[in-house]
Amino acid sequence: MSSPICRIFPTPRASLEGLNTLDFDNGLESRSKRVFSLSLNFEYETQEIKQVMRAVVYDQPFKVTVREVEKPKILHPDDIIVKVTTSCICGSDLHMYEGRTAAQQGIIFGHENMGIVDELGPGVTALKQGDRVVLPFNVACGRCTNCEEGRSAFCTQVNPGFGFMGCFALPSEPNLSHRYVAMGPYPGGQAEYLRVPFADFNALKLPPGKEHEADFALLADIFPTGWHGVQISGFKPGESIAVFGAGPVGLMAAYSATLRGASEVYVVDRVPERLAKAKEIGAIPIDFSKGDAVQQILDIRGGKEVDRGVDAVGYQATTGDGKTEQPNAVLEALIRVVKPTGGLGIPGLYVPSDPGAPDSAAAKGYISFPFGKLFEKGLTIGTGQCNVKAYNRYLRDLIIAGKAKPSFVVSHELPLDQAAEAYDKFDRRVDGYTKVLLHP
Ligand SMILES: NC(=O)c1ccc[n+]([C@@H]2O[C@H](COP(=O)([O-])OP(=O)(O)OC[C@H]3O[C@@H](n4cnc5c(N)ncnc54)[C@H](O)[C@@H]3O)[C@@H](O)[C@H]2O)c1
Ligand SMILES: [Zn+2]
Ligand SMILES: [Zn+2]
């Protein structure tokens, strides 16, 4: 679908000294003409017409459009261009979609991407054209202290995390639209092509072919993130765990806990299709629209708390009606439901500023929760973005070995052109929209 055009043709012209560059935009395609003066009084005009592709672009809250944008180019010797085969819509995209972040109009969405290596910068050594790869949602440099120590989500060069709201751009690449707000200056992959920086470090190679496409696509984010949520709760095999949220991340956390030998897994949500998926993988579904989730779990367990808890909901948590936002709802519940000296894993997103917060404290990222009770119980808390690189190759190998099949969570696989409808339905959590994979 992209239209590569680059023509060189001789043009009779009055002689020009040196190099002249004329830029103009005809509204549809932006062209730059370079006129070279050559010896023998011939002039050659090189017309480079920017190549275009289709992509999902954020227009305004609750509105994305699939439209033509400039196709990405190699900008640095370490870059690759990937021809995208699958890009997923994530619950994290919805925070931007709903206007609940500082995301600017014009961002190309899509941070859960996989595809085929199409072009390589001259500095790339570990990949070749035609390689099938999946990309971590958090781009990382591979060279800073945090990257070297396996904390690629906190790469100090590229992605300083949500401590930097707004536009963080490398000095060499200002003003590019992001794939996720405050996560580096990289246009997203809900598009036909994607530029991947620091490609040797970021791209995880996959077996060639088309097998396990949906499973592998989930290695970009939610499978590692669910695993991470369990990891940062301090979980050990044989323990019991309560996961709040049965969205893709919560389901992946529950699935990871099962793979890792949990004795009991509780999954709390109110969306019937999501609770049904939790049940499908052997977890105990808890519907919080039918009463206090913590009390329901304690009742089943004869009053005994669980060992670990995971918050896979984040700051847009609601009360049982599913409409009234209460940003501390899950934190409060976890502190009640986890046993003294147990652990809380919090992959669910909390932000330092929220334009749509229900109160002025939450608008500044101040979430109140019973810290006294947390202290009294000696609970530990793990938070933050998932270090995808720390887990993805092992989870890939579990998929290849037939020991993990995370794609049970996928509800819809759609062409890229249906992205606007998919965002709308996924956002309203209707028609069973649990996890959507887009294919350009
Ligand atoms: N840490 C990371 O690296 C990372 C990566 C990906 C996603 N996330 C975050 O994880 C969270 C979950 O992502 P997702 O894609 O599954 O989102 P999602 O919005 O699809 O799912 C959230 C679920 O939580 C449920 N919910 C709301 N209030 C609740 C409550 N009080 N108790 C129990 N359940 C409740 C909703 O019904 C919904 O099904 C989001 O905040 C997302 O931004 C974090
Ligand atoms: Zn995601
Ligand atoms: Zn780094």
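Q: Which helix gives the most to the shell around ligand 1?
A: In this predicted model, helix 1 gives the most to that shell, with four residues. The shell as a whole holds 32 residues, and the closest to ligand 1 are Gly91, Gly245, Gly247, Gly314 and Leu349. The elements that give two or more residues are helix 1 (91-97), helix 6, strand 13 (264-269) and helix 9 (329-337).

Q: How do you know that ligand 1 lies between domain 1 and domain 2?
A: Domain 1 (52-221 + 389-438) and domain 2 (222-385) both give residues to the shell around ligand 1, and therefore the ligand lies between them. By class, that shell divides into 17 nonpolar, 11 polar and four charged residues.

Q: Which residues of helix 5 and helix 6 meet?
A: From helix 5 come Ile222, Phe223, Thr225, Gly226, Trp227, Gly229 and Val230, and they meet Pro248, Val249, Met252, Ala253, Tyr255, Ser256 and Ala257 of helix 6. This contact of helix 5 with helix 6 has 10 nonpolar, four polar and no charged residues.

Q: What makes helix 5 roughly perpendicular to helix 12?
A: Helix 5 and helix 12 (residues 388-400) pack at an angle of about 110 degrees, with their axes 9 Å apart. Since angles of 65 to 115 degrees count as roughly perpendicular, helix 5 is roughly perpendicular to helix 12. Their crossing is right-handed, and the contact is made by Phe223, Pro224, Trp227 and His228 of helix 5 together with Val388, Tyr391, Asn392 and Leu395 of helix 12. In the contact of helix 5 with helix 12, six residues are nonpolar, two are polar and none is charged.

Q: Why is helix 8 called roughly parallel to helix 9?
A: Helix 8 (residues 293-300) packs against helix 9 at an angle of about 20 degrees, and their axes are 9 Å apart. An angle under 35 degrees counts as roughly parallel, and so helix 8 is roughly parallel to helix 9. Helix 8 passes helix 9 in a right-handed crossing, where Ala293, Val294 and Ile297 of helix 8 make the contact with Ala333, Arg336 and Val337 of helix 9.

Q: How many residues of each class does the contact of helix 8 with helix 9 have?
A: The contact of helix 8 with helix 9 has five nonpolar residues, no polar ones and one charged residue.

Terms used. Residues are numbered from 1 along each chain as its sequence is written. Chains are lettered from A and ligands numbered from 1 in the order in which they are written. This is a predicted model: local features need pLDDT of at least 70, side-chain atom pairs count only at pLDDT 80 or more; totals for chains, interfaces and linings use all residues. Two residues are in contact if their C-beta atoms, placed from the backbone, lie within 7 Å. Ala, Val, Leu, Ile, Met, Phe, Trp, Tyr, Cys and Pro count as nonpolar, Asp, Glu, Lys and Arg as charged, and the others, Gly among them, as polar. A residue is near a molecule or strand if its C-beta atom, placed from the backbone, lies within 6 Å of it. Domain bounds come from an automatic or database domain assignment. Axes are lines fitted to C-alpha atoms, for helices over the stretch in contact, and angles run from 0 to 180 degrees between N-to-C directions. Angles under 35 degrees count as roughly parallel, over 145 as roughly antiparallel, 65 to 115 as roughly perpendicular and the rest as oblique. A crossing is left-handed if the near helix is turned anticlockwise from the far one by less than a right angle, and right-handed if clockwise.
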